[in-house]
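I opened a new structure today and wanted to keep notes while I looked things up. Here is what I wrote down, entry by entry.

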Amino acid sequence: MWNVFTACFTVGFVAFTWMTELYLWGPGAVWQVVPRLLIAAVAAGLIALGNYMPRIRQNYTMGAKTPWALADEHCWQRTQRMAGIVFILGGVMLLASILEDLLLGTGVLVYVFLALLLGGIAWVYLYSWLVYIRGGALFCRAGAAFSASLPPARITPAKSGTITASRPAGGKA
């Protein structure tokens, strides 16, 4: 799988450099096609990445790495799921804006691209913070009520020197 990824990545970057040279020094008709092809490639990449994002485990290399998502596993999972949804919707909207630009020729493609990119990043960052401050119960009142009804966890050292958390039997703190 890694070899397929590196091959596609390399071919993509070679095509990107050739397209930019063709755009700069090629015939005038190419100037209408190359930006749409590049944005279509970015849209396809966003859809593919959005499909993969919910499966990313907590790490410091890949994913929507907000400080809150890195601090909490549940926040990480919810943030990656939301980022996946945002990336897929952004990719589909970019493809739709390419079709709109081809059919109507309004010329708003770059503005749509920038608005989707910046708006999506801002929403994922804000969502991650909201999940973190709500303790993972954002949009889920039942989860918050259930967590509040549990007695507080006691942290005790285990025999092996690690720290474990446990709840007392009978629901008393």
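**Entry 1: two helices crossing**

I started with the crossing of α4 and α5, and I noted it as right-handed. Keep in mind that I am working with a predicted model here.

Next I looked up how helix α4, residues 73-104, sits against α5: the two pack at an angle of about 165°, and their axes are 10 Å apart. Which way does α4 run relative to α5, roughly parallel or roughly antiparallel? Angles over 145 degrees count as roughly antiparallel, so α4 is roughly antiparallel to α5.

Then I went through who makes the contact. On the α4 side I found, among others, Cys 75, Thr 79, Met 82, Val 86, Gly 90 and Leu 94. On the α5 side the list includes Leu 109, Phe 113, Leu 116, Gly 120, Val 124 and Ser 128. Sorted by class, the contact of α4 with α5 has 16 nonpolar, five polar and two charged residues.

**Entry 2: a serine from that list**

Is Ser 128 buried or exposed? Its relative accessibility is 0%, so I put Ser 128 down as buried.

What does Ser 128 touch, if I skip the neighbours within four places in sequence? I got Thr 66, Trp 68, Ala 69, Cys 75 and Thr 79. Cys 75 and Thr 79 were already in my notes, as α4 residues in the contact with α5.

**Entry 3: following the threonine**

Thr 66 sent me to the loop between α2 (30-52) and α3. I have Thr 66 as buried too, because its relative accessible area is 3% and buried means under 20%.

With neighbours within four places in sequence left aside, Thr 66 is in contact with Tyr 125 and Ser 128. I also checked Thr 66 against Trp 129: they are 63 residues apart along the chain, yet their C-alpha atoms are separated by 8.1 Å.

**Entry 4: aromatic pairs**

How many aromatic pairs are there? I counted three aromatic pairs, and I wrote up two of them.

Phe 9 and Phe 13 make an edge-to-face pair, 4.8 Å centre to centre with 65° between the planes. I wondered why these two are about one helical turn apart. The reason is that Phe 9 and Phe 13 are four residues apart in helix α1, residues 2-25. Phe 9 counts as partly exposed at 46% relative accessibility, and Phe 13 is partly exposed with a relative accessible area of 46%.

Trp 68 and Tyr 125 are also edge-to-face, at 5.0 Å centre to centre and 70° between the planes. Trp 68 is in helix α3 (residues 67-71) and Tyr 125 in helix α5 (residues 109-133), so this pair ties together parts that are 57 residues apart in sequence. Tyr 125 is partly exposed, at 43% relative accessible area.

**Entry 5: stepping back**

Last, I looked at the chain as a whole. I noted six helices and two strands, and along the sequence they follow the pattern α-α-α-α-α-α-β-β. Of the 173 residues in the protein chain, 22% are buried. I also looked at contacts between residues at least 6 apart in sequence, and 44% of those join residues at least 24 apart.

Conventions:
Residues numbered from 1 in each chain as written. Predicted model: local features only at pLDDT ≥ 70, side-chain atom pairs only at ≥ 80, totals over all residues. Heavy atoms only, no water. Phe/Tyr/Trp six-rings, centres within 6.5 Å; stacked < 30°, edge-to-face > 60°. Buried < 20%, exposed > 50% of the residue type's maximum accessible area, 1.4 Å probe, protein only. Axes fitted to C-alpha atoms, helices over the stretch in contact; angles between N-to-C directions. Parallel < 35°, antiparallel > 145°, perpendicular 65-115°, else oblique. Left-handed = near helix turned anticlockwise from the far one by under 90°. Contact = heavy atoms within 4.5 Å. Nonpolar A, V, L, I, M, F, W, Y, C, P; charged D, E, K, R; others polar.
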